[in-house]
Amino acid sequence: MSERSDVLTAKRAEPVTRTVRADARQGDEATGTGRGRGGRVSQGAVILVLGAIALIALFPYLFMFMTSLKTNQQFNESYWMPTWPLELGNYSTAWQQIQPYFITSILVALAAIVGTVALSSVAGFLFARYEFVGRRLLYAMIVMLMMVPPVASLIPMFVLMRDLGLLNTMTVLILPHIASSVVLATILMRTFVAQIPQELFDAARIDGASGPRMFRSLVLPLSMPVIGTVSLLTVIGVWNDFFWPLLVITENDLRTIPVGLAFFKGQNATDWGPLFAGYTLASLPLLLLFTFLSKYFLAGVQGGLPGTGK
């Protein structure tokens, strides 16, 4: 009797199971998540739209790269399409002219990164893990600095640098970048350090670690994603800053990439190949940084570690 009842129960449940499977299949086809024709069409449309967006976004860069490999005659004869032979000599010509600007920008970016990371990491650690009088007020004042437009401090900063005798020096390029970058960097560092579990700090204190030891051995290794984010943002600020170096620098060897490219354009106003080759060389550092460090940049902005799902 037991076996017969099991068989009858299975036969009664079989139509219900078929109905559930049929409903699920129809739902998949309706939403495009199944393997049917609708799903393939939907996926193809998504790929087509995303490909079109990527092409539109990358087309100016591709046009710049193609033009950098042409002579003036090739540029006039074939404006939109690549030509043969490739004029690789344009890059050596451009590098000879933009090399001083390139080196200056790299030195300024490295110094600004070191100063910004050092100040913001210490400030973020103190604001996140220490209680002291006026902590909330000081942090609120730092946050309020985000609402001050950079142009508002341009003239006071210039007068200050002039009175200190720092015009036409490397210092006048480094200090303002540190001052402008450290505000956002402190907010990012403070937010990141506040998310580190308190148990880690308690265990370090039990083991006898002091504040500087916890900062050096615990906070800094865990904060590498946000340090990478701060570094990338600082490099972007240095690489794209045009007006401040134009205002405080008159010596050619101390000009940064944006200002140097403006003078470089004047020297190659009718020589399109070297001109676009110089623009391509100037864009390569940021392109390579974002290509290989984008996951750390996104992890630092989101406040988590790459690959941890946080």
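User: In this predicted model, why is arginine 135 called buried?

Analyst: The relative accessible area of arginine 135 is 13%. Buried means under 20%, so arginine 135 is counted as buried.

User: What makes arginine 135 and glutamate 131 a salt bridge?

Analyst: Their side chains meet with a nitrogen-to-oxygen distance of 3.3 Å. The definition asks for a side-chain nitrogen of Lys or Arg within 4 Å of a carboxyl oxygen of Asp or Glu, and the pair therefore qualifies.

User: Is glutamate 131 buried or exposed, and why?

Analyst: Glutamate 131 has 68% relative accessibility. Exposed means over 50%, so glutamate 131 counts as exposed.

User: Which residues of helix H5 are buried, and why are they said to line one face?

Analyst: In helix H5, residues 135–144, the buried residues are Arg135, Tyr139 and Ile142. Seen down the axis of H5, they fall within an arc of 55°, so they line one face of the helix. The face turned away from this buried side carries the exposed residues Arg136 and Leu137. Helices H4 and H7 are among the elements that cover the buried residues of H5.

User: Why are aspartate 202 and arginine 205 called partly exposed?

Analyst: Aspartate 202 has a relative accessible area of 36%, and arginine 205 has one of 40%.

User: Where do aspartate 202 and arginine 205 lie?

Analyst: Both lie in helix H8, three residues apart, about one turn of the helix.

Conventions: Residues numbered from 1 in each chain as written. Predicted model: local features only at pLDDT ≥ 70, side-chain atom pairs only at ≥ 80, totals over all residues. Heavy atoms only, no water. Buried < 20%, exposed > 50% of the residue type's maximum accessible area, 1.4 Å probe, protein only. Helix = DSSP H or I, 4+ residues; strand = E, 2+ residues; numbered from the N terminus. Arc of directions from axis to C-beta. Contact = heavy atoms within 4.5 Å.
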